[in-house]
Amino acid sequence: QLMLAVATPVRAAELRTAQVSLGWSEFMRQLDREIGPTFIGPELTFSCDVVRARNRVVGLVLREMPDVSGILWVDDDQFWEDSRDGVKVVLEMISTGEDLIGAPYTNKRTPMRWVHQGVPGAEPDERGCLRVAGLGFGMTFTSRPCLEAMTDEARLYTDHPHPNILGNLFGQVYTDDTDAAALLSEDFSFCHRWRSLGRDAMLYVKAGIVLHAGGHAWGARDMAGGVVG
């Protein structure tokens, strides 16, 4: 039986005033009805930068949730047009057996672009999995073996003022050691570390359209020639 944890960082001046999209809320309810995952409360990550917030979620799962097989990371502004389709896609992504796999989505302003970072020449396989350089964590699954392997290789630190020892899986890294290097975001940094272990970050191109709530629900239809690649 699938034991899934779902984590959503939230942003607000005070915890109870955090605003989330209705689409996200409906998707969470559908996940609850069909899968019954463990929802990791925002109290764990509130008022914390996103690097430490995501590290805390991983630490909690590895430390206190031995039956959880992986984490579905869902941002508070991400959802599918039909929540039932979304649950179906999540199950399909997990059934691929990939340890790091996400759904494609766009940014939420013009000029439109895909959030994931492609690999030149890569093509989807028969499962619909496309090897990529980096995934946004707006709608992404990480398996427990992925999180364990990453923690084994990570720099450890104490999560003051708490006594927990965490792996810095999401700490931002540079693309290289030159002055021309880019500083990667926390999610791309996670993918960079995973790929440095000789593993693949995968995009599930059969995911359909994931919407990104901003001024309206942005998605691939807003982008000229919006083909995953």
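Reader: Which residues lie nearest the centre of the largest pocket?

Author: The model is a predicted one. Its largest pocket holds about 540 Å³ of space and has a lining of 27 residues. Nearest the centre of this pocket lie Arg11, Asp75, Asp77, Asp187 and His212.

Reader: How many residues in the lining of the largest pocket are charged?

Author: Helix 2 (50–64) and helix 5 (186–196) each give at least two residues to this lining. Sorted by class, the lining has 9 nonpolar and 7 polar residues. The number of charged residues in the lining is 11.

Reader: How many nonpolar residues are in the lining of the second largest pocket?

Author: By class, this lining has 1 charged residue and 2 polar residues. The nonpolar residues in the lining number 11.

Reader: Which residue lies over the face of phenylalanine 170?

Author: Phenylalanine 170 belongs to an aromatic cluster with Trp73, Phe137 and Phe190. The count of aromatic pairs in the model comes to 6. At 6.0 Å from the ring centre of phenylalanine 170, over its face, lies arginine 54.

Reader: Where does proline 111 lie?

Author: Most peptide bonds are trans. The bond from threonine 110 to proline 111, however, is cis, with omega near 0°. Proline 111 is found in the loop between strand 5 (100–102) and strand 6 (117–118).

Reader: What is omega for the peptide bond that joins histidine 160 and proline 161?

Author: Proline 161 is placed in the loop between strand 9 (156–158) and strand 10 (165–167). The bond that joins histidine 160 to proline 161 is cis. Its omega is about 10°.

Reader: What is phi of serine 47 near?

Author: Most residues other than glycine have a negative phi. Serine 47, in the loop between strand 2 and helix 2, has a positive phi instead. The value is near 60°.

Reader: Is serine 47 buried or exposed?

Author: Serine 47 has a relative accessible area of 64%. A residue counts as exposed when this area is over 50%. Because 64% is over that cut-off, serine 47 is exposed.

Notes:
Residues numbered from 1 in each chain as written. Predicted model: local features only at pLDDT ≥ 70, side-chain atom pairs only at ≥ 80, totals over all residues. Heavy atoms only, no water. 1 Å grid on protein atoms, 1.4 Å probe; cavity = no way out; pocket = protein on both sides within 12 Å on 5 of 7 lines; lining within 4 Å. Points joined across faces, edges and corners; volume = space filled by probe spheres on them. Helix = DSSP H or I, 4+ residues; strand = E, 2+ residues; numbered from the N terminus. Nonpolar A, V, L, I, M, F, W, Y, C, P; charged D, E, K, R; others polar. Phe/Tyr/Trp six-rings, centres within 6.5 Å; stacked < 30°, edge-to-face > 60°. Lys NZ or Arg CZ within 6 Å of the ring centre and 35° of its normal. Buried < 20%, exposed > 50% of the residue type's maximum accessible area, 1.4 Å probe, protein only.
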